[in-house]
Amino acid sequence: MKGQQANTAADTAPIVRIRGLRKAFGDHVVLNGIDFEVMPSQVVVVIGPSGSGKSTFLRCCNGLEQAEGGRIDICGRTLVDGGRMLPDADLNALREEVGMVFQSFNLFPHLTVRDNVTLGPRKLRGLGRAEADAEADVLLRKVGLTHKAEAMPASLSGGQKQRVAIARALAMKPRVMLFDEPTSALDPELVGEVLQVMKLLASEGMTMMVVTHEMGFAKEVADVVVVMDGGGIIESGPPDVIFSQPTQARTREFLQAVLTRA
């Protein structure tokens, strides 16, 4: 939540450091020299028009997209440097520390809610069934779904599925959480229940990078709002500055359009 920052000496260095990040698909340049840092416990919300590179930027931060240039250091590891990616074993270890929640929920349809949450800890963290179940129950309580532990994904609403997806990502005990438009696939009346869980995580000091069109969430929860357009960051700053006194005409144009629609 805004203003809640860690104070220990270990938290004075960025947990995410990006320098000169470049990515293209064929001749189409999607990211064009991005420089950015995220401090521990910060909530960074990335906004901008469709096609500005927001989701690709986020996907580069856990290796789902391989950058062709620049460098990404995250959670004490160099994810990519000049187009060279971490080896697969190290990349898998990094992804245990960098959780990601997508637009689509990607739950395993043949597993119960609890088994979806416990699969990663049992397979990758080596937890026994009892310990994994106990951790899952704590997380399902956090996201308000204790009563759905034995349910199958097909029986859940979209908002419930997304909350399970958040619990599943948290089960790996990540240091950073990435959210790629987590409410864009939801009916409007279900958006609030997912945002409420994300607000709780922010209040607990989770480092978060969030791509979203939810401007109210950005205003309320972000420490830093990043505005992207044309594959680059055109400005960034505290939400009260970005939403009230943006320096760039393109930011003013974008905000006028989205806030008018809202």
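A: Handedness comes up, so take that one now: a crossing is right-handed if the near helix is turned clockwise from the far one by less than a right angle, and left-handed if anticlockwise. Note that this is a predicted model.

Q: OK. Is the crossing where H3 passes H5 left-handed or right-handed?

A: Right-handed.

Q: At what angle do H3 and H5 pack, and how far apart are their axes?

A: The angle is about 25°, and the axes of H3 and H5 (residues 158-170) lie 8 Å apart. Angles under 35 degrees count as roughly parallel, so H3 and H5 are roughly parallel to each other.

Q: Which residues meet there?

A: From H3, Val113, Asn116 and Val117; from H5, Val164, Ala167 and Arg168. Sorted by class, that contact has four nonpolar residues, one polar and one charged.

Q: Switching to H4. What's the packing angle with H3?

A: About 125°, between H3 (residues 113-123) and H4 (residues 129-142), with the axes 9 Å apart. H3 and H4 are therefore oblique to each other.

Q: And the handedness, left or right?

A: H3 passes H4 in a right-handed crossing.

Q: Which H3 residues meet H4?

A: Val113, Arg114, Asp115, Val117, Thr118 and Arg122. On the H4 side they meet Arg129, Ala132, Asp133, Ala136, Asp137, Leu139 and Leu140.

Q: How many of those are charged, by class?

A: Six charged, alongside six nonpolar and one polar, in the contact of H3 with H4.

Terms used:
Residues numbered from 1 in each chain as written. Predicted model: local features only at pLDDT ≥ 70, side-chain atom pairs only at ≥ 80, totals over all residues. Heavy atoms only, no water. Axes fitted to C-alpha atoms, helices over the stretch in contact; angles between N-to-C directions. Helix = DSSP H or I, 4+ residues; strand = E, 2+ residues; numbered from the N terminus. Parallel < 35°, antiparallel > 145°, perpendicular 65-115°, else oblique. Contact = heavy atoms within 4.5 Å. Nonpolar A, V, L, I, M, F, W, Y, C, P; charged D, E, K, R; others polar.
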